[in-house]
Amino acid sequence: MEKQYIELYKAHHQLIKQNSAAIINRSRDAAFAKFESMGFPSTKHENYRYTDLKPMFSLDYGLNFRRLNFPVNPYQTFQCDVPEIYSYQFFVVNDSFYPPKKKHNGSLPEGVIICGLKEASEKYPELVTQYYGKLTAPQNDALITFNEAFAQDGFFMYVPENVHMDKPVQLVNIMRSDVDLLANSRNLIIIEKGAKAQLLVCDHAMDDVNFVANRVSEVFVGENAVYENYKLENTHNKTANLSTVLIDQKESSDTLTNLITLNNGISRNNIEVEMNGEKCEAELCGMMVGGGQQQIDNHTTIKHNKPNCHSNELFKYVLDDVSKGAFTGRIFVEKDAQQTWAYQLNRNILLSKKAKVRTRPQLEIYADDVKCSHGATTGQIDEQALFYMRTRGISLPEARLLLMYAFAADVIENIRIPSLANRMKMLVEKRLRGELGMHEGCTLCMH
Amino acid sequence: MLEIKNLHVSIDGKEILKGLSLTVKPGETHAIMGPNGSGKSTLASTIVGNPAFEVTSGSITFEGKNLLEKDPEERANEGIFLSFQYPVEIPGVSMVNFMRTAINEQRKYRKLPPMSASDFLRFMREKKALVDMDNKLTNRSVNEGFSGGEKKKNEIFQMAMLEPKLAILDETDSGLDIDALRIVANGVNKLKTPEKSTILITHYQRLLEYIVPDYVHVLHDGKIVKSGTKELALELETKGYDWLK
């Protein structure tokens, strides 16, 4: 099955390179060689026990090496009616950055650069060279390697020292194609010392074909910088959404990663947060709503490399029908990382007998002065609470919904943009009521 | 109003109520007393439709309607309220949201439009005053972290909000100190109207000093073995239950 991709690369690597940029090409052949020798992992691989990559890569997908423009105008497709929320809005269609309309966003704060990764590599080579591939290099993961071999473009964001973004940045990832499509997009995000930025990523799929999106993001968060990263996934049951986010934190930086999945096919989030300076704060949370045959696998790693850092992790799943969830929470505390606090909690509600969830906390602690805890619970809706509510006249479906919202509330409350939190709350409620369709376009559009 | 005839109820195959009959007319207050395990709480749970209890024979009608055919929420919306012996904590569901949902579900059942947010808040403020309910409690999740006394007060607050025709108070006095008992009992008395009926389930005569019943029934081994007026409660207090067996 890997063979088709190996042949594809051998036949087209010139074309891939011609339509990308020198800096992105630099590690391409090496990445390919690595992929050729390792291939895709089977479910025997420790990290991929609950997500089987082989069947999803075995279809005959189109890949758009020539960077042909797909007929889509996101500005028309993603009209939105929530005028009270504003953001700088950008689109990546499949794996190509869509040139923004100047008028649409107004001007960015002084020194901030947001553009396609290919464009950034050409216009700001020293900046991209300094960061590109630095976090992926030590990794030994098939999805990253595959991405590095095939990715040609993606999203680039640079927020210079001490610049505080006045509005959130919204990145809408749109999958759009008339044939089955595999897209590898590559993102680079640099938040310099003392800077502040919020990124909201919305993943969507427009057409009724099979999609594989294999996205890799490298995120560099400088000293005292604050970075918030929200992701809303509302795709469809033919989308395999594979997302790797690697975050490097310097001293006293603060990051929040909040992932919400409402509709999807198969999702895999590989999140790795590495604290490479003292006094870092990292929050990592997620709310996953699954039904039908949805599969959602969050594989998280938090590395406490330096003393006095705090991390807090909370993932919640509500799964119905035959949907499947998996959560792996790895926490490493290095020998010198004294005074570490690391908390992890995974809570799940199964609404049907056939829904399943696997949870694996994995803590490796080499320091002796730390506070670490982990917990996982899986259960059904509280029958006693249901009955109590019914005796107050609340119907069974309404009572179930109230309990499910309550369950989701603390993840939603961990959204630090109030208007976004309200919108997200409404969407989660709609999803739990079964009223949020797939293909709804950008349900979160902030314009 | 409420008519129970020859009621037999089992839980997990074990028969708890063994042919209980009781009639409650509008405006009446009935006290049901009896030792532990006599079936008092089973009776309360069965009237409100707890699915854990199985009615094997007999009937319960409320204003002429067959209650046993109705879901717990329908019974509530018909006007039956149970103050729980052990109120349930519901983390994450705010009291305000809980009560607003309940009120609007009741209104929907009665084919009325939902109450506006401002009307609701005004209504809630009124009812809070009635039972001396603290603001900080209504801002929290339902019963979460409430003391025993606060939970009982919250039950009476909910009763005030929902304005039932028949209120069943299951051991509302248990776990209350004398001041809390007085507040709770005052709340119940203030809510009383000539049409509304109450069933008090209690171990002790103490509560009956504050809420005076029209009738007292003694439940033993799943049946009412003696009925009388409030003097019967005093007699029980001195003699205990043994003489009735």
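Q: What is the strand order in the open sheet of chain A?
A: This is a predicted model. The open sheet has 10 strands, in the order E2-E1-E5-E7-E9-E11-E13-E15-E17-E19 of chain A, and the pairing is mixed.

Q: Which strands are the edge strands?
A: Strand E2 (96–98) and strand E19 (370–379) of chain A, each pairing on one side only.

Q: How are neighbouring strands turned against each other?
A: By 10 degrees on average, ignoring direction.

Q: In which sense do E1 and E5 of chain A pair?
A: Parallel, over 6 bridges. Val92(A) has Asn173(A) in E5(A) as its bridge partner.

Q: What does H12(A) touch on the sheet?
A: H12(A) packs on E7, E9, E11, E13 and E15 of chain A. Its direction makes about 30 degrees with that of E11(A).

Q: And H11(A)? Which strands does that touch?
A: H11(A) packs on the sheet too, touching E11, E13, E15 and strand E17 (340–350) of chain A. The direction of H11(A) makes about 150 degrees with that of E15(A).

Q: Back to H12(A). Which residues are buried?
A: Leu420(A), Ala421(A), Arg423(A), Met424(A), Leu427(A), Val428(A), Arg431(A) and Leu432(A). Down the axis of H12(A), they fall within an arc of 170 degrees, so they line one face of the helix.

Q: Which exposed residues sit on the face turned away?
A: Pro418(A) and Asn422(A).

Q: What comes just after H12(A)?
A: Gly434(A), with a positive phi of about 80 degrees.

Technical notes: Residues are numbered from 1 along each chain as its sequence is written. Chains are lettered from A and ligands numbered from 1 in the order in which they are written. This is a predicted model: local features need pLDDT of at least 70, side-chain atom pairs count only at pLDDT 80 or more; totals for chains, interfaces and linings use all residues. Side-chain values use heavy atoms; hydrogens and water are left out. Buried means under 20% relative accessible area, exposed over 50%, partly exposed in between (1.4 Å probe, protein chains only). Helices (H or I, at least four residues) and strands (E, at least two) are DSSP runs, numbered from the N terminus. The arc is that of the directions from the helix axis to the C-beta atoms. Two strands pair if DSSP finds at least two bridges between them. Axes are lines fitted to C-alpha atoms, for helices over the stretch in contact, and angles run from 0 to 180 degrees between N-to-C directions. Contact means heavy atoms within 4.5 Å.
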